[in-house]
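Subject: Structure handover

Hello,

I am passing on the structure we spoke about. Please open it first, then read the notes below it.

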Amino acid sequence: MRDSGPSGSGDVPTVLVRDAEGRDLLCFLEQLIPLDGSDYALLTPVDTPVSLFRLKDGDEPEPITTITSSEPILSVADVVLQEHDLTLVRSAVTLTVSGELDEPDPEDLEDDDEDESDEESETYELLVSFMVDQGEYGLYIPLDPFFVVARMVDGQAVLVEGEDFDRIQPRIEAELDEREWPD
């Protein structure tokens, strides 16, 4: 049985990244990419990232991209997740869920692809749905990897957002392509 503390060379370092509002997100450090004299970190959240969607009968789920941490919808989501021994975390960058999640069954995912052709259902899996003020909402887990980009400054991870992100993202992708497929 393996201890959960640092014990072997297979452990991935973690970094705490903070957004402009002071919210934190604990992430695994996946890659360090030097660009323009700075080190940029490619990070993945330790907890499971989730996205909030508004559900409407017969329509595509509609993503809710801006929400305050005191929003009543999130309070209801807290209660629903607690029933599954999960906790909603109002993290930097994205909402996350901490706790033991069941891994999706690959066969179930294949069946979903055959039944539904919309992009949202192919890139997200419904974790829980719930009702708030006559409206139905759902928390979805992205099936694609969720990456966060930060600049390392004096050992601290500074979140790269907005125009800085738009400027640096293509260069980071090019560097990763070069690393994975050497000529």
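A residue is called buried when its relative accessible area is under 20%, exposed when the value is over 50%, and partly exposed in between. Glu21 has 61% relative accessibility, so Glu21 counts as exposed. Keep in mind that this is a predicted model.

Overall picture

The protein has 183 residues, of which 31% are buried. Four helices and 11 strands were found. The accessible surface is about 12,000 Å², and carbon and sulfur atoms account for 45% of that surface. Of the contacts between residues at least 6 apart in sequence, 51% link residues at least 24 apart.

Confidence

The average pLDDT is 81, and 81% of the residues reach at least 70. Residues 1–9 stay under 50, and the model gives this stretch five contacts beyond four places in sequence. Residues 111–121 are also below 50, with seven contacts beyond near neighbours in sequence.

Helix α4

This helix covers residues 162–180, which is 19 residues. From first C-alpha to last, α4 reaches 27 Å, close to the 27 Å expected at 1.5 Å a residue. There is a kink of about 35° at Ile168, shortly before Pro170. Which residues of α4 are buried? They are Ile168, Ile172 and Leu176. An α-helix has 3.6 residues a turn, so residues three or four places apart point the same way. The buried residues of α4 pack against strands β2 (24–35), β3 (38–45) and β10 (148–153).

Cys27

Cys27 sits in strand β2. Is Cys27 buried or exposed? Its relative accessible area is 0%, so Cys27 is buried. Leaving out residues up to four places away in sequence, Cys27 touches Pro13, Thr14, Val15, Val17, Leu43, Thr44, Pro45 and Val46. Thr14 is 13 residues from Cys27 in sequence, yet their C-alpha atoms are 5.4 Å apart.

Salt bridges

The count of salt bridges is eight. One of them joins Glu21 to Arg23, at 2.6 Å from N to O. Arg23 is partly exposed, at 29%. Another pairs Arg18 with Asp24, with the closest N and O atoms 2.7 Å apart. Arg18 is partly exposed at 48%, and Asp24 is partly exposed at 30%. Arg54 and Glu62 also form a salt bridge, at 3.2 Å. Arg54 is partly exposed at 27%, as is Glu62 at 32%. Salt bridges with shared partners connect Asp19, Glu21 and Arg23 into one network.

Regards

Technical notes
Residues numbered from 1 in each chain as written. Predicted model: local features only at pLDDT ≥ 70, side-chain atom pairs only at ≥ 80, totals over all residues. Heavy atoms only, no water. Helix = DSSP H or I, 4+ residues; strand = E, 2+ residues; numbered from the N terminus. Expected span 1.5 Å × (residues − 1). Bend = angle between axes of the 7 residues up to and from the residue. Buried < 20%, exposed > 50% of the residue type's maximum accessible area, 1.4 Å probe, protein only. Contact = heavy atoms within 4.5 Å. pLDDT = per-residue confidence, 0-100. Areas by Shrake-Rupley, 256 points an atom, 1.4 Å probe, with all protein chains shown as cover. Salt bridge = Lys/Arg side-chain N within 4 Å of Asp/Glu carboxyl O.
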